[in-house]
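Please find below my notes on the model under review.

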Amino acid sequence: MRSEQIYPDVRTFESIVTGTKEEQGYWVTLEQSYFYPESGGQPADRGTLNGIPVLDVQIKEGYVWHRLASPLLETEVQGEVDDDIRTDHAAQHTAQHVISAILQDEFQIKTVSFRTGTEESTLDLNLDTWDDTLQNRLEERLRMVIQAKLPITATEYTEEAALQLPLRKTPQVTGEIRVVQIGELDYSACGGTHLASTSELELILFTGLEKVRGNIRLAYVAKDRAFRLLTTERRALAEAARTLSAKKDQVHLVVDELKQEQVRLNRQIGQTEDIHVKTVLKQILTTDESILTVRHDQEDIRFSEKLVKALAEAGRTGFVWNETAKKLFMCSSGSIHLGQFAKTHLKQFNGRGGGSENNAQALFQTHEEAQAYIEAVKEELHT
């Protein structure tokens, strides 16, 4: 077993440098290290060696390598493992054991993979669907397990002895096998860090749910992460309630009403825009020009899109420039392939875009560049 597994409570230690290398950073190996290297979905420890920040810890060919923020000049080192980060990673990992055990034993749902992230951790579950009933039952069982204060131990067994235990999965290693036991809830072959009791988890909150490669990905936070999230969300809810002049438990109802009102107003705006487009189109079509050019300095881009569409439906060739979006909308009655012309000539006017035979769009940095491009298209139309 590695040192950090035999003595998981060690946070400061002395050791001697046994190897160095430069490979996308400065790396050292030590005679003995209590830093946990990244493994099994659990991130590496952080801390310092002689005051130099340890940025990463990896195990390769049996050696624990520490990536440092700057070269380590001394041979003798004083190591310090960041206790907050170690405890946080141990909490998220312990929570995974507990969640996976409950899901498998009580709901016959197996965990496919696990990952501890910087903000939240995730479990991929061999499951097609997830519902509130399942989550409520899981949350209730988690509270019971936390309150039960189940002891968590890590013991080294021979392979033969380990296989006599009710292990959750068949070990992927041979020889001496480290088994983490959580009361009678879970026996797992595991090399990671863990808390000493389920009571130290304090709180587990589920933060997200998504379908990934046919599995359900469940996101969660535990211990301090859960309390920080709870505090942040409570403050956000209180602020939203004040802003909306609503009770906290009524915020979602007020938001639903506002969303419905927004839909109604957007529909009303759209209808008003349609009327305005018809009015503007009528004015434009009174001119004798065969190619119509319109500049919108403040209009919404949606209005510009609607106007060029109306020009196309009227069988006219036209250009509508929207200054706010720096975007040119084009339509043609068919005497030029707008898309092909754009593909060939846009770059020389610092523009980018494309389109079909009768409709095209292009972005420019300035109106002057767009105007120069319009003149090029007009010249092509007249040839």
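How do the residues of the lining of the largest pocket divide into nonpolar, polar and charged?

1. The lining of the largest pocket comprises 10 nonpolar, 17 polar and eight charged residues. Here Ala, Val, Leu, Ile, Met, Phe, Trp, Tyr, Cys and Pro count as nonpolar, Asp, Glu, Lys and Arg as charged, and the others, Gly among them, as polar.

2. The model is predicted: local features need pLDDT of at least 70 and side-chain atom pairs pLDDT 80 or more, whereas totals for chains, interfaces and linings use all residues. Residues are numbered from 1 along each chain as its sequence is written, and side-chain values use heavy atoms, without hydrogens and water.

3. The volume of the largest pocket is about 1,000 Å³. A pocket is an open set of points on a 1 Å grid over the protein atoms alone, where a 1.4 Å probe fits, with protein on both sides within 12 Å along at least five of seven lines; lining residues have an atom within 4 Å of a point. The volume is the space filled by probe spheres set on the points, which are joined across faces, edges and corners.

4. Of the 35 lining residues, Gly-40, Gln-172, Ala-189, Cys-190 and Gly-191 lie nearest the pocket centre. Helix H2 (83-107) supplies the largest share of the lining, five residues (helices are DSSP runs of H or I, at least four residues, numbered from the N terminus).

5. The largest nonpolar core has 33 residues, of which Ile-99, Trp-130, Leu-138 and Ile-204 touch the most other members. H2 again gives the most, with nine residues. Such a core is a set of buried (under 20% relative accessible area, 1.4 Å probe, protein chains only) Ala, Val, Leu, Ile, Met, Phe, Trp, Tyr and Cys residues joined through side-chain atoms within 4.5 Å.

Technical notes. Helices (H or I, at least four residues) and strands (E, at least two) are DSSP runs, numbered from the N terminus. Buried means under 20% relative accessible area, exposed over 50%, partly exposed in between (1.4 Å probe, protein chains only).
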